[in-house]
Each structure stands twice: as structure tokens, then as C-alpha cells.
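Me: I've got a model open on my screen and I'd like to learn how to read it. Can you walk me through it, one feature at a time?

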Amino acid sequence: MGSLILCHKKRAKQPYAISRVHMKIYTIEELCYYICNNLYLIDYTMINYQLCDWIERELEMDGLADHLREELQKNCSMEQFILTILRESTIYAQSDINRIQSILERLQNQKDVERKKHKADSLMQSREYESAVLVYQSIINADWDESVEKTFYGRVYACLGAAYGHLFLYQEAAEMYEAAYGICEDSRMLKAYLYCCSKALPQKQYVKMLSGNPSYLMIDPLIKESVRNVRREIEPDLPEEKLEQWKKEYRRIDKPAGIC
């Protein structure tokens, strides 16, 4: 077992509100827990004198509040401010603080665009999809950093597609996955694109889209099955030559590998 961890009994009457994630903090334990589980979200909207005043007024931790104010006056880094809170709260063991410090140092060495993506990823994990969309958009709409691989931006497009998908904005999601696939050429992104298209488009229009791109049918057996299930319904609306073309495509796809 580790050393005894002293918890504080003081609970704020007026909580500290973190508007970004719609969270209200009432205790120093809650503040430390939020910091440790949202390191990628911490920025200078939280590192401020308002937090110092709240710690002093509501938690009656005057020493910590004064120390944090001194840090701000010295233009301390975000990392220094956070570590001061964690150390003086006496909640975490030194091994935990060392682990958090190493994460903060790694973040400090990342490029701005990489940190932004991690921030958006953290928002996704917290189910703050609208906020994540805004951060992902800020990455792809800004001038691209040529020092990172182009596939990085492909992954950002894919993450943005996932965020749109969680919001049931399938047309927007499909557009993002299409852009992601165009950069990364990852079959998983193409599958996600087709899935979003199946949700965004009327069934007949979706099947017609697949028919114009036979390579799509090779991606996933479920797509082939989807086409088969609705083919009878749409056959009267299609020319005979189109039906014959589809049948040839199906026969060719269904053949075992190596059979001509």
C-alpha cells in the first residue's frame, strides 16, 4: 500500500465552473481529479487569477492561492501551475505526480497542431462532440504544418468524421471520411465513408452510387448484401443494360480467389 493520502473536508458553497465541459468543481479533490484526467484540455482559460481567488475564498486554502498567484506573476508555464496545485493539495503520491509531470513534458515537446488534436481527442472521449468539431475544424482550416506528415491531417479528417457521426450529421461525416481516405488511403476510412453514405442517402440513391463504383463492393461483404437486399425493389426503375452490368459485377465478385 502507498502512503496515507490526506483528503480535505472543505466543500465550496459556490462551485468553480468549467464551462467548456459543463462541469462544476466543489472540492480540491475534484479539481485535481479533473486536471489529471484532462491534461490535454488544460489551457490558459483555466490557469488564471479567478481560480486562485476561488481556492482562497471557497476552499480556504490561502497558502496555495498565494503560491499560485506568485507563479502567475512570474509568468509561469501551464505545467508549473498545474504541478503546484497537485503537490500542495497533498492528495497524490510523489510517483503519481512524477508520472503526470512526464506527460506534461511530453505535451510541451509536441507541436501546436499535435496538442490541438490531443485536445480534440480528449473532448471526444468526454463526449463533447460539438467542442471537438470546432477544434478539429481549426486544425484543418489553418495553414497546414509541413513538418508533420500529411497523413496526420488525414487522421484529423477521420476524427472529424467520427465527431459528426456522433452528432448524426452523416452527410458531413461522409465528406470528412472521403477526404481522410483521399489522404491516407486507409480501407477503414473508406468503410466509414460508405457507412455514412448509407445513412445520409436514400436507399435507392445509395445503391446506385455503389453500382457506379464496383470497387466499393469489394470493401465489405455487408455492402454487397445490402445491394442484394434492395436490388429487387429498384430494378423496375433501372434500364435493362444497367441490371445486366450489375449481375456481371456480382458474379465476378462472388467467385473464389484464383477462379477465372
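Me: Let me start with one residue. Not counting residues up to four places away in sequence, which residues does Cys52 touch?

Reply: Bear in mind that this is a predicted model. In it, Cys52 touches Ala65, Leu68, Arg69, Leu72 and Phe81 once residues up to four places away are set aside. Take Ala65: it sits 13 residues from Cys52 in sequence, yet the C-alpha atoms are 4.8 Å apart. Cys52 itself belongs to helix H2.

Me: Is Cys52 buried or exposed?

Reply: Buried, because its relative accessible area is 0%.

Me: How do I read the rest of that helix? Which residues of H2 are buried?

Reply: The general idea first: an α-helix has 3.6 residues a turn, so residues three or four places apart point the same way. Now the case here. H2 runs over residues 49-59, and its buried residues are Leu51, Cys52, Trp54, Ile55, Glu58 and Leu59. They share one side of H2, because the arc they cover around the axis is only 165 degrees.

Me: Which exposed residues are on the face turned away from that side?

Reply: Gln50 and Arg57 are the exposed residues carried there.

Me: Now the ends. Which residue caps the N-terminal end of H2?

Reply: That's Asn48, with a side-chain oxygen 3.2 Å from the backbone nitrogen of Gln50. The Asn48 side chain also reaches the backbone nitrogen of Leu51, at 2.9 Å. You'll find Asn48 in the loop between H1 and H2. At the other end, just after H2, look at Glu60, which takes a positive phi of about 60 degrees.

Me: Is Asn48 buried or exposed?

Reply: Asn48 counts as buried, since its relative accessible area is 13%. Beyond its neighbours within four places in sequence, Asn48 is in contact with Tyr16, Leu72 and Phe81. Two of those names, Leu72 and Phe81, came up in the list for Cys52 too.

Me: What span does H4 have, from its first C-alpha to its last?

Reply: It reaches 17 Å, close to the 16 Å expected at 1.5 Å a residue. Just after H4, Thr90 takes a positive phi of about 55 degrees.

Me: What about a residue at the surface? Is Tyr33 buried or exposed?

Reply: Tyr33 is exposed, because its relative accessible area is 54%. Its place is in helix H1.

Me: Let me zoom out. How many helices and strands does the chain have?

Reply: It has 13 helices and two strands. The chain has 260 residues, of which 42% count as buried. Among contacts with a separation of 6 or more, 52% come from residues 24 or more positions apart.

Me: Last one: what pLDDT does the chain average?

Reply: It averages 81, and 79% of the residues score at least 70. Over residues 253-260, though, the pLDDT is below 50, and the model has seven contacts for this stretch beyond near neighbours in sequence. Residues 1-6 also stay under 50. Where pLDDT is low, the predicted coordinates should not be read in detail.

Note on methods: Residues are numbered from 1 along each chain as its sequence is written. This is a predicted model: local features need pLDDT of at least 70, side-chain atom pairs count only at pLDDT 80 or more; totals for chains, interfaces and linings use all residues. Side-chain values use heavy atoms; hydrogens and water are left out. Buried means under 20% relative accessible area, exposed over 50%, partly exposed in between (1.4 Å probe, protein chains only). Helices (H or I, at least four residues) and strands (E, at least two) are DSSP runs, numbered from the N terminus. The arc is that of the directions from the helix axis to the C-beta atoms. A polar contact is a pair of N or O atoms within 3.5 Å; within protein, one must be able to donate a hydrogen and the other to accept it, and residues adjacent in sequence count only if both atoms are side-chain atoms. Contact means heavy atoms within 4.5 Å. pLDDT is the predictor's confidence in each residue, from 0 to 100. The expected span of a helix is 1.5 Å times one less than its number of residues.
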